[in-house]
Amino acid sequence: MNFLRGVIAGQAAGPQPTGADTIQKLCDRVASSTLLEDRRDAVRALKSLSKKYRLEVGTQAMDHLINILQTDRSDSEILGYALDTLYNIICNDEEEEQDESEDAVTPLPVSGKHKNVSAPDENAQKQADDLGVQFTDTFIQDPEHVTLILSLLEEFDFHVRWPGVKLLTALLKNQCTQVQGVILVSPMGVSRLMDLLADSREVIRNDGLLLLQQLTKSNAAIQKIVAFESAFERLLDIITEEGSSDGGIVVEDCLLLLLNLLRNNSSNQNFFKEGPYIQKMKPWFEVGDDNSGWSAQKVTNLHLMLQLVRVMVSPVNSPGATASCQKSMYQCGLLQQLCTILMATGVPADILTETINTVSEVIRGSQVNQDYFASVNAPSNPPRPAIVVLLMSMVNERQPFVLRCAVLYCFQCFLYKNQKGQGEIVATLLPSTIDANSISAGQLLCGGLFSADSLSNWCAAVALAHALQDNLTQKEQLLRVQLATSLGKPPVSLLQQCTNILSQGSKVQTRVGLLMLLCTWISNCPIAVTHFLHNQENVPFLTAQISENLGEDERLVQGLCALLLGICIYYNDNSLENYTKDKLKQLIEKRIGKENFVEKLCFITKHELYSRAAQKPQPVFPSPEQMLFDHEFTKLVKELEGVITKAVHKSSEEEKKEEEVKKTIEQHDNIVTQYKELIREQDAQIKELKEQLGSMSSQNEQTQATLTQQLSQIQQHKDQYNILKLKLGKENQSPSNGQGDGSQVNGLQTEELTQLREEVEELRQQQMLLQTQLGDKDALINSLKSEAAQTAEESAGGSENTELLTELEALRSQVQSQASEINQLKTERQELVRRAEAASSDTVPSSDSSVDTDKVGELESRLAALTTETERLKGENKGLSESRADLEQQLASATSTVAILQTEKEKLQTDVQESKKEQDDLLMLLADQDQKIHSLKQRLKGLGETVEDEDDLDARDEEEEEDDDEEED
């Protein structure tokens with residue numbers, strides 16, 4: 001202990017040892033001491049020397065400190081000293097020394113992130129950084145060391161957990177990829193770090209945020225794990241607790257971590273979108289009426305919040321995910337809140353600029369959001385549309401450059417895939433819609449286009465070009481715009497005024513903007529090309545510009561002039577005799593030279609600023625002078641460069657041959673298309689006939705099942721009839737056996753008559769049932785007749801007609817058998833009546849000898865009733881016979897219908913044979929046409945022309961149809 005006190009207090013007897021000697025002795029003491037207190041004091045001494053003697057402590061004590069972390073897990077104090085010492089030798093940030101007196105309370109900083117102090121010597125700082133990286137490499141050579149730090153983070157003791165968090169953060173800063181790999185494969189490694197956000201001690205939670213920021217850098221796998229560990233919910237809750245945009249540095253750290261998790265990670269973006277997290281972002285952007293005095297931290301927080309919104313709707317994301325996020329932001333009111341900030345007063349310039357960029361990407365390509373943005377008005381008197389207010393800032397040269405770029409980007413996004421918005425902007429330029437009492441978007445664009453500020457010229461030209469992008473209708477409408485240049489002079493068209501300014505030799509930026517506007521305007525619009533060529537001065541000016549040998553700055557203008565002249569050739573409909581395709585190409589060959597023309601044209605794509613503008617839609621330029629190319633224009637150049645080069649090199653004869661071949665191919669394609677349509681129609685008819693035949697087959701099956709059921713019912717009737725017949729035979733024997741005893745015979749006859757009456761009643765019911773069944777068969781025959789007639793009308797004959805005829809014949813035989821059974825039943829009924837009358841006559845004499853007069857009267861009345869019932873049954877039987885006759889007539893009619901159906905079937909078979917023969921002829925003709933087309937394509941390829949296949953043409957037709965559908969929508 002005296003030795004340690006001497007080291008710390010600086011007391012030395014004799015020669016004072018060097019720092020390396022002292023550290024060596026402390027390391028020996030750490031390694032050899034058996035008492036925990038001695039080791040603890042030695043580690044504390046190493047900690048105090050670790051900043052001044054960083055190299056010595058790192059090289060000599062690192063292994064001993066790691067051993068302390070492994071062996072002395074029970075003592076939190078020595079663990080804290082060891083972790084602090086390791087942090088001091090690994091960390092490259094210079095921090096203020098803290099008072100580590102055991103009796104004093106250690107002040108806890110909110111976060112260790114923002115205490116960096118620049119070193120007085122840059123070289124010394126670089127050496128220190130290299131030293132930290134070297135010690136980090138030494139520490140992570142064994143991955144178990146990183147795992148050891150992760151296990152120590154489970155300790156709840158503040159003096160262990162906080163130094164562990166700082167040490168792991170320093171390791172990630174120095175060697176991020178290697179440490180990320182160790183944590184990723186460590187069991188529950190990421191989950192342990194996520195638990196830091198739930199720590200009740202703010203300093204640990206805040207440093208845990210810094211740790212997760214380093215952990216999630218450029219590692220999609222860790223980002224996904226962190227996101228699915230409820231990171232979004234926890235971070236948003238922390239932001240809300242800290243006061244959202246009014247919060248402190250903790251809110252900034254949370255937002256930076258959210259950006260790490262979402263940027264370029266589609267999986268996390270989908271997870272964030274599907275949850276309720278976009279809706280939770282809306283309160284962040286609520287601003288009051290008084291927006292003065294924003295703190296620097298609030299500006300930073302709101303700037304990061306806007307960046308977070310832009311990450312979700314970035315143009316580099318997949319279109320489906322971006323559209324879904326845009327829809328959610330509109331539905332939850334986030335877009336409305338952003339527009340409120342956009343039109344608010346007192347908002348700082350950088351926040352206003354970022355808000356404009358954010359609104360731009362939220363509405364880009366979303367028709368609903370674009371329509372809402374068009375309806376937003378600024379709180380002025382009178383109210384003006386937000387688009388007009390923004391354009392006023394864009395063409396105002398006093399506004400900051402970044403703000404003007406943001407407004408231009410917003411206007412481009414508003415018009416992106418928005419033909420309705422394009423029409424509204426162009427309409428403000430037309431004479432019929434101009435309102436002299438108000439400022440419109442068209443007036444501002446024209447004012448900017450012809451102002452003295454070259455940046456305003458460029459921005460207005462690009463904005464107007466976006467109003468014409470991929471919209472042939474608006475290109476033609478814009479030709480109607482007339483401008484009054486000065487008093488007393490006739491108005492000139494907007495197209496002519498652009499070419500006039502171009503020929504006056506203004507600044508390069510102005511001429512580049514006007515040339516981009518003209519190229520966009522007349523491309524794919526032969527009418528605009530004709531209007532441009534109608535001015536006799538335009539073509540000589542272009543050829544003169546291209547043929548001159550000018551400086552480096554003018555070469556870009558020459559390339560754009562070559563592009564404009566090439567568009568006039570490619571989209572020329574030869575309506576002007578002096579400027580047909582052939583004459584323009586001859587002019588290029590004589591005045592410029594084909595090779596020189598192509599060289600000037602290709603210079604555009606070789607320009608450095610062209611490559612920069614082609615990377616992303618947002619116009620971002622370091623200075624106004626470098627603002628030359630627009631993103632959409634780079635796409636147009638890429639599309640037209642090749643076709644213009646080919647068009648210039650083609651001779652007139654080659655073009656004529658190509659046109660003839662194209663016409664021939666189009667004719668053949670039309671013939672092939674007609675044959676295809678015919679074949680499709682025939683296939684549809686065949687399919688329909690097959691369906692009808694299938695329906696008829698199912699109906700025939702149902703009819704057969706019904707007939708089988710009726711046969712079973714008839715068999716049941718036969719069985720009942722046989723039973724009744726047996727009963728009547730027994731009744732005929734009973735009167736002869738009862739002659740001896742009068743009273744007994746009378747009693748037996750009475751019971752037999754009652755039973756007979758019941759059986760006759762049962763027979764009547766059976767007859768009624770049989771009549772009902774005959775009615776059902778009548779309905780079935782009618783249905784079969786209607787089906788046969790329908791089959792004949794639809795020409796759906798075939799083999800099914802023969803089966804239907806067979807079924808009808810079977811039905812007819814069944815009806816005839818039923819008629820015979822009815823006659824048999826009628827005969828049996830008559831026999832029953834005869835027997836009943838005979839029994840009645842036998843009972844009269846026997847009653848004279850043994851039965852009284854009352855009983856005889858009763859018996860006679862019952863016999864009379866039975867006779868009446870029998871007569872009624874006769875009437876019903878007669879009606880049944882008439883029904884049978886009608887049924888036979890219907891069967892005869894059905895037979896004739898079947899004959900007609902058979903005739904129609906034969907006719908249909910003949911038609912089918914003729915159709916097959918005709919189809920074979922068509923196929924032969926189609927094969928001949930395909931052979932001719934193939935030979936013509938081979939001739940074209942031999943001439944060096946590119947010939948598209950039929951699949952490519954079909955695909956293009958489908959794309960054009962989809963575009964037409966979208967335009968109609």
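Analyst: Let's start with one word: a residue is buried when its relative accessible area is under 20%. The model here is a predicted one.

User: Thanks! Which residues of H19 are buried by that rule?

Analyst: They are Ile351, Thr353, Glu354, Thr355, Ile356, Asn357, Thr358, Val359, Ser360, Glu361, Val362 and Ile363.

User: What makes H19 count as largely enclosed?

Analyst: The count does: 12 of its 15 residues are buried, so the rest of the structure largely encloses H19. Those buried residues pack against six elements: helices H16 (296-312), H17 (319-331), H18 (334-343), H20 (367-375), H21 (386-394) and H22 (401-415).

User: Why is Glu554 called buried?

Analyst: Its relative accessible area is 18%, and the cut-off is under 20%, so Glu554 is buried. Glu554 is located in helix H31, residues 552-570. Beyond its neighbours within four places in sequence, Glu554 is in contact with Val508 and Arg511.

User: What describes the packing of H4 and H5?

Analyst: An angle and a distance: H4 (residues 54-71) and H5 (residues 76-90) pack at about 145 degrees, with their axes 9 Å apart. The crossing is left-handed. From H4, the contact is made by Arg54, Val57, Gly58, Met62, Leu65, Ile68 and Leu69. H5 brings Ile78, Leu79, Ala82, Leu83, Thr85, Leu86, Asn88, Ile89 and Ile90.

User: How many residues of each class are in that contact of H4 with H5?

Analyst: The tally is 12 nonpolar, 3 polar and 1 charged. Arg counts as charged, so Arg54 of H4 belongs in that class. Gly counts as polar, so Gly58 is placed there.

User: And the chain overall: how many helices and strands are there?

Analyst: The protein chain has 40 helices and 4 strands. Of its 969 residues, 47% count as buried.

User: What share of the contacts with a separation of 6 or more joins residues 24 or more positions apart?

Analyst: That share is 74% in the protein chain.

How values were computed. Residues numbered from 1 in each chain as written. Predicted model: local features only at pLDDT ≥ 70, side-chain atom pairs only at ≥ 80, totals over all residues. Heavy atoms only, no water. Buried < 20%, exposed > 50% of the residue type's maximum accessible area, 1.4 Å probe, protein only. Helix = DSSP H or I, 4+ residues; strand = E, 2+ residues; numbered from the N terminus. Contact = heavy atoms within 4.5 Å. Axes fitted to C-alpha atoms, helices over the stretch in contact; angles between N-to-C directions. Left-handed = near helix turned anticlockwise from the far one by under 90°.
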